[in-house]
Amino acid sequence: MKSLWNRIYTFRAVWLAIALIFLFALPSFLSLGHTSLVVEMLILAVAACGLNLIMGYAGMVSFGPAGLYAVGAYTTALLIVKANVPFGLAIMAGPVAAAIIGFLVGWFCVRLTHVYFALLTLAFSQIIHTIIFQWYSFTGGDNGIVGIRVPDYIASINHYYYFTLALTVVCLALMWMIGNSSFGKTLQAIRENPERAEFIGIHVRIYQLAAFVLSSFFLGAAGSLFCGFNRNVFPVYAHWIKGADIIVVCLLGGMYKFLGPFLGSILYITLDKVTVSFTEYWPLVLGLIIVLLVLFLRGGIAGFFTEKFSATTIRGSREER
Amino acid sequence: MVIENLIRQFLSGLSVGMVIFIIAVGLSLIFGTLKILNLAHGSIYMLGAFLCYWLTSTFSTAPGIFWWALILAPIGAALFGGVIEIVLLRRIYGWHMMYQWILTFGLVLFVGDLCKLIWGVGYHMVSPPWPFKGSVNVLGVFFPSYNLFVMVLGPIIFCGLWALLRYTTLGKIIRSATYNPEMVNALGVNVPLVYTSVFMLGCWLAGLGGSLMAAMSAVTLGMDASIIIECFIIVVIGGLGSTLGAFLGAIIFGLAYTLGIVVFPGVAIGIGFIIMAIILIIRPWGLMGRPE
Amino acid sequence: MILEVEGLTKSFGGLMAVNKVDLQIEDRELSSIIGPNGAGKTTLFNLLSGKLRPSSGRVIFKGEEISKLSPREICLKGIGRSFQRVNIFPRLSTFDNVQIAVLSEQKKTRNLFIPVRNMVREKTKEILESVMLADKEEVLAGLLSHGDQKRLELGIALATQPKLLLLDEPTAGMSPEETKKTTELIQEIVQDQGLTLILIEHDMSVVFRISEKIRVMHMGRMIAEGKPEEVKANNEVQKIYIGEEA
């Protein structure tokens with residue numbers, strides 16, 4: 001068993017190449033509808049991996065990723081619609097704006113821990129939602145911003161797919177590097193034992209803030225990508241219920257492995273669309289599935305597999321707190 | 001005119017605040033003792049509201065049906081809560097907060113859609129019961145007497161809970177279990193039973209709030225999502241786990257919201273979150289909570 | 001004098017956990033602090049390492065007052081500390097546990113893009129060898145045996161290159177054999193690197209083996225101080241330890 005996983009792992013560069021080729025070739029044999037789904041999966045994966053920077057690596061539980069995601073989406077939308085900024089710039093501005101807001105929000109949030117941290121992220125997310133919702137003259141309020149124009153060369157679903165794929169690969173590669181860097185290791189140490197981290201000279205709060213800002217950046221990037229995909233943005237993107245999607249994916253994919261959120265995204269969107277297609281009462285089914293998944297698949301999908309194959313993973317009590 | 005408006009909003013704030021208090025104190029109790037932030041608390045509230053609506057509309061000719069519903073619907077909510085606690089929540093005590101959040105989120109989806117399955121997507125109203133059908137003149141303003149009833153009921157429930165926690169054996173057990181469940185267990189108390197009872201009490205309160213709200217506001221899908229956030233706000237202001245805190249928090253929130261709408265209509269919608277953020281920033285454990 | 005403590009006091013409500021303690025620690029001194037449970041020894045360490053703020057009194061390290069500094073700042077000044085209850089990074093590997101401390105000491109934790117796998121490997125391995133954990137590099141720290149975890153504690157503290165080492169019951173819970181092994185280890189490292197050591201211990205064999213000087217705490221006060229034989233013979237100390245073997 002262990003050797004099987006080890007063998008897979010050793011050749012992971014090969015697997016990665018194969019996966020990329022597969023993803024590249026997808027539009028050729030998928031319908032437009034399905035290709036569209038994969039775009040959603042990729043975007044959600046970026047968001048969930050972004051969230052994972054603070055949740056899985058730094059151990060900071062956030063209830064409010066939606067707010068930063070919406071900042072990215074709305075920044076891109078507003079720049080295109082109100083200021084006629086070229087699409088490329090607008091897409092890049094989204095994550096930057098989200099990172100800035102993330103800095104402001106994070107500065108207050110990292111002074112707290114555990115449930116209080118989580119609740120403050122929720123409060124800020126809802127404040128962002130309220131601002132977007134109420135500032136009718138600027139953001140269109142409840143009507144959202146519709147009819148966002150996207151350059152012709154990526155207007156078609158397939159082309160936008162490649163565009164998204166490229167940016168997703170870039171984002172995931174960046175996050176991978178960050179996760180494997182000394183900064184990433186420091187975050188993990190902070191997660192494991194913030195007190196001890198202080199005692200070995202690490203300024204815990206600054207690292208947590210930095211992680212929060214980076215996480216916001218990628219959440220905003222996902223929001224911007226979605227803005228271009230959906231061509232519309234709505235205040236609901238900032239609502240905590242939407243944020244729950246990102247959290248569920250991050251959690252169920254497996255917080256402690258890098259690929260976890262990516263797998264989770266595939267699973268979640270698939271589940272979502274499959275249930276929608278065969279029943280009107282999809283929240284019922286989805287809710288039930290989520291409950292079952294949490295009860296029985298606590299390490300997430302990625303955790304589930306590596307636990308099966310690895311002899312040295314800790315389960316149980318340490319993971320519970 | 002302005003004065004009248006303010007008075008009306010003031011009274012409105014108090015009455016809405018009292019209903020939300022009843023719901024929020026359930027959440028606070030559950031968090032204080034079981035250490036779970038139950039996202040599905042709003043769903044139980046909605047369930048209570050729908051049960052109340054269902055009873056009053058099905059048996060509309062029975063005399064005093066609303067009062068019957070007011071008794072039965074919360075019990076129904078409590079029983080439903082009891083089942084959830086025994087079947088699901090017991091397994092996740094002590095788990096990482098995120099898993100609890102997501103599991104209860106799954107319940108939100110489930111229960112919300114269950115209500116849709118049973119009662120459809122309509123917008124339902126329940127009329128206030130006799131003897132509170134009309135309006136009375138309060139401080140020069142005409143105000144629904146039902147809302148006054150609710151305003152009075154709030155403090156009564158508060159006193160009841162306070163007395164329960166302070167003076168009864170069960171209350172003392174609950175308070176001890178909040179601080180030290182292992183010790184309480186070692187003393188021979190059936191801690192799981194205590195947990196179930198507390199959860200059912202919380203759900204009873206949510207169901208009661210829902211039933212009361214049914215005659216004040218509409219019964220419809222989506223009421224779960226809005227109320228749960230308001231509960232969080234109140235519980236943060238008052239302090240997680242504090243009964244008095246929930247009471248004060250509800251009053252503060254209710255008044256801030258209704259008066260805020262008159263003064264700063266644009267901001268008022270978000271006033272709750274702003275207060276919540278401010279409290280978390282300067283005094284995270286709330287008005288009545290204790291710093292850890 | 002590397003460490004001076006003047007009138008250090010810490011009270012919690014009415015309880016004086018540490019009561020007007022004075023200390024003068026010479027450079028490279030090897031000393032122990034002993035005393036019954038609740039005497040205030042760990043609280044004293046908490047005050048020295050910045051985990052707690054003194055209610056009154058001063059701590060001066062290498063001529064600089066550090067009484068009000070944070071644990072992080074004190075670590076950077078050169079005081080390293082291990083904990084009574086194992087305080088490691090459980091889900092990181094043994095290697096990672098030490099590596100992160102080395103990275104922190106060398107100010108290399110800010111890097112976002114270089115794979116951490118390849119950073120400071122030699123130094124980390126060196127430290128792991130010195131605490132006899134080189135063969136357990138890949139094991140998750142939470143899965144180590146108790147004795148190994150205590151040595152990892154030591155390793156992490158050492159990795160921050162301290163000048164003054166505060167070890168809180170480093171052999172607690174160890175078998176006599178492991179205790180002997182670990183004690184020799186500590187002696188070797190401390191002498192090799194010219195560190196100043198203050199040890200909190202209950203195991204008297206360790207105390208008498210390592211210490212040049214012993215200090216005794218009781219109810220928050222420092223009640224005796226001196227060479228091991230002196231302290232052994234001290235009547236007051238014997239009274240406190242009635243029933244215990246010295």
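A residue is taken as buried if 20 or more other C-beta atoms lie within 10 Å of its own, as exposed if 12 or fewer do, and as partly exposed in between, with C-beta atoms placed from the backbone. On this basis, 55% of the 321 residues of chain A count as buried. The model is a predicted one, in which local features need pLDDT of at least 70 and side-chain atom pairs count only at pLDDT 80 or more, while totals for chains, interfaces and linings use all residues. Residues are numbered from 1 along each chain as its sequence is written, and chains are lettered from A and ligands numbered from 1 in the order in which they are written.

Chain A comprises 16 helices and 0 strands, where helices (H or I, at least four residues) and strands (E, at least two) are DSSP runs numbered from the N terminus. Contacts join residues whose C-beta atoms, placed from the backbone, lie within 7 Å. In chain A, 76% of the contacts with a separation of 6 or more are between residues 24 or more positions apart.

The contact between chains A and B draws 35 residues from chain A and 36 residues from chain B. On the side of chain A that touches chain B, H6(A) gives the most, with 12 residues.

Turning to chain C, 4 strands form an open antiparallel sheet in the order S2-S1-S4-S5; strands pair if DSSP finds at least two bridges between them. Strand S2 (15-25) and strand S5 (64-65) of chain C are the edge strands, each pairing on one side only. Strand S4 (residues 56-61) of chain C is joined to S5(C) by 2 bridges, and C:Phe61 has C:Glu64 as its bridge partner in S5(C).

Terms used:
Two residues are in contact if their C-beta atoms, placed from the backbone, lie within 7 Å.
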